[in-house]
Every structure is written in structure tokens, then in C-alpha cells.
Amino acid sequence: MSNLATRVWSGVVLGTIFLLATLAGGTPFVILVTLMAAVFWAEWIGMKMPGADDRLQGTGILALIGCALIVLFAPASVQGLLLVLVLALFAIAAIGLKDRRAIGGFLYAALLLTSLGLLRGHWGFQPGLVAIIFLVAVVWATDIGGYFVGRAVGGPKLAPRVSPNKTIAGALGGLAGAIAAALIVHAAFGASGWGAAAALAVFLSVLSQAGDLFESWIKRRAGVKDSGRVIPGHGGVMDRVDGLVFAAIGLWFACVLRAGMTEPARAFF
């Protein structure tokens, strides 16, 4: 099988799994994003801290499971406090094992898990379902618009020292694609107002592109092409969800600031 065919098939399989878990919400969705976060954490360790203490890696996995349990079972009024407590306990463990670099990687993985899990919410929670569909549509449209416009137009580079292939035209194409995707989701589900949907799309698209550049910077510093090899034809989980992580965190924080910790997706959806 060619590399292109492998990429397509693995993308279809993973996309289907994510879609089914998103439709289900609740425990199935949190289990999936916890697995994603665990692989994300392992890839971070592999790139940034090869040869790290096995106890540190195991502590990170246990702490991520703790985050998942908080997302699933803790009352909204104490979720934030408990999540901060988990981070603090992990930080103490990392300092005790003499590797503070792990704290940033764990926070990165934990926010992936908690932002997606708390946005989606329980089964049957329509705003959470629409929030994830909106988020993924905007991020994917940013990637697609950026890729095709960047290749067609070319021109000045966006951040040549970090990612030499990305152009300013591609970034603008990504913004345009994000707005188009947001308006389509709005038309289908009535998410927010038209203006709010477009503004939110721009915000998330910028975050998505920043996340992509951030992961490129991490890989460049680590001297690797891909974050891992867990996804056939694609590389690692970080390679596939770099933009999604930043956008998900941004959307979650925006929703919490507007609506609080209880069902935050209701803020816009």
C-alpha cells in the first residue's frame, strides 16, 4: 500500500472513531481523549526528555487518569480546584524526580484532555456536540485552506525559522477556510450568531496555526521530523492534533469565562 493510501485509510479510521466518540459524549469520549493525551505525553517525553525516569512517565499517566475522573465525576463547582491540585501534585513529583521540564509537557497533555472533555459533556448534551463539531471543522478548514492557498499563491514565509513551508498567504487562506467552515456549522446547527461564529472562527484559526508552529518549533529543537509513529502514514498524535490542542484550550477558556464551569459550551452553542 502506498504512503498516500495509508494516510487516507488511517485518517478515515481515526476520523470515524473520533466522530463516533463525539456523538456518544460522556465516558466514551473522555476515554478517547485520555488515550490521545497519554500518547501525547509519551511523545513529549520521547522528544524533549529521552531516557527520562520511568517513574516520571508513569506518574504522568496516573495524573492524566485522575484528570479524566475529575472530568467525568467531579461536580462543576470543584473541577477547577481539583485539576489545579492534580497539576500541583504532578509538579511536586517532577521536581522530586529532578526533571522540571516534564511539568510543561504534562500541562499540555492535561489541557488537551480536560478542554475537550469538559466542552463535550455528557451524552445528549447538544451544545457540547455542536462545540466539538465547530472546533474540529474550523481547525480542519484552517489546515486545508492554508495548505491549498499556500501552495497556489506562495509568497513571503510566515515563520521561516520554525516552519519554512508556511506562508502568509497560506495563513490568510486558513483564516478564510475557518470562517467558511464556521458559517456552515452555524447554518446547520444555529451555533451563536453569524458575526459571533465568524469572530470565534478567526480566534480559533489563529490559535490553531500558533499550535502548529509551536509543535514545529518543538520538533525542530528535538531534531525529529515526526513526534512519533503511532499513526500509519501520519506520524504521531502531536503531529495530528497540534493545532487542535491550542484551539480547544482557547475555546474552553473562552466558554468558561463567559458561562462558567457548568456546561461551558452553552456560552456559544
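**Exercise 1. State the order of the elements along the protein chain, and characterise the overall dimensions of the model.**

*Solution.* From the N terminus on, the order of elements is α-α-α-α-α-α-β-β-α-α-α. The chain has 9 helices and 2 strands; helices (H or I, at least four residues) and strands (E, at least two) are DSSP runs, numbered from the N terminus. The model is a predicted one, in which local features need pLDDT of at least 70 and side-chain atom pairs count only at pLDDT 80 or more, whereas totals for chains, interfaces and linings use all residues. Residues are numbered from 1 along each chain as its sequence is written, and side-chain values use heavy atoms, with hydrogens and water left out.

The next step concerns dimensions. The C-alpha trace spans about 50 × 40 × 35 Å along its principal axes. For 269 residues, a compact globule would have a radius of gyration near 18 Å, and the chain agrees because its own value is 18 Å. This radius is taken over C-alpha atoms, and the globule rule is 2.2 Å times the number of residues to the power 0.38.

Of the 269 residues, 49% are buried, where buried means under 20% relative accessible area, exposed over 50% and partly exposed in between (1.4 Å probe, protein chains only). Among contacts (heavy atoms within 4.5 Å) between residues at least 6 apart in sequence, 68% join residues at least 24 apart.

**Exercise 2. Determine how helix α3 and α4 pack, and which residues make the contact.**

*Solution.* Begin with the geometry. Helix α3 (residues 54-73) and α4 pack at an angle of about 175°, and their axes are 10 Å apart. Axes are lines fitted to C-alpha atoms, for helices over the stretch in contact, and angles run from 0 to 180 degrees between N-to-C directions. The two helices are therefore roughly antiparallel to each other; the classes are under 35 degrees for roughly parallel, over 145 for roughly antiparallel, 65 to 115 for roughly perpendicular, and oblique for the rest.

Then list the residues. From α3 come L56, T59, G60, A63, C67, I70 and V71, and from α4 come Q79, L82, L83, V86, F90, A93 and A94. These divide into 11 nonpolar, 3 polar and no charged residues. In this scheme Ala, Val, Leu, Ile, Met, Phe, Trp, Tyr, Cys and Pro count as nonpolar, Asp, Glu, Lys and Arg as charged, and the others, Gly among them, as polar.

**Exercise 3. Carry out the corresponding analysis for helix α2 and helix α8.**

*Solution.* Helix α2 (residues 26-48) and helix α8 (residues 194-222) pack at an angle of about 40°, with axes 9 Å apart. That angle makes α2 oblique to α8. W44, M47 and K48 of α2 meet I218, K219, R221 and A222 of α8. The composition of this contact is 4 nonpolar, no polar and 3 charged residues.

**Exercise 4. Classify T142 and L81 as buried or exposed.**

*Solution.* T142 is found in helix α6 (residues 126-153). With 3% relative accessibility, T142 counts as buried. Not counting residues up to four places away in sequence, T142 touches G174, A178, S205, S208 and Q209.

L81 lies in helix α4. With 63% relative accessibility, L81 counts as exposed.
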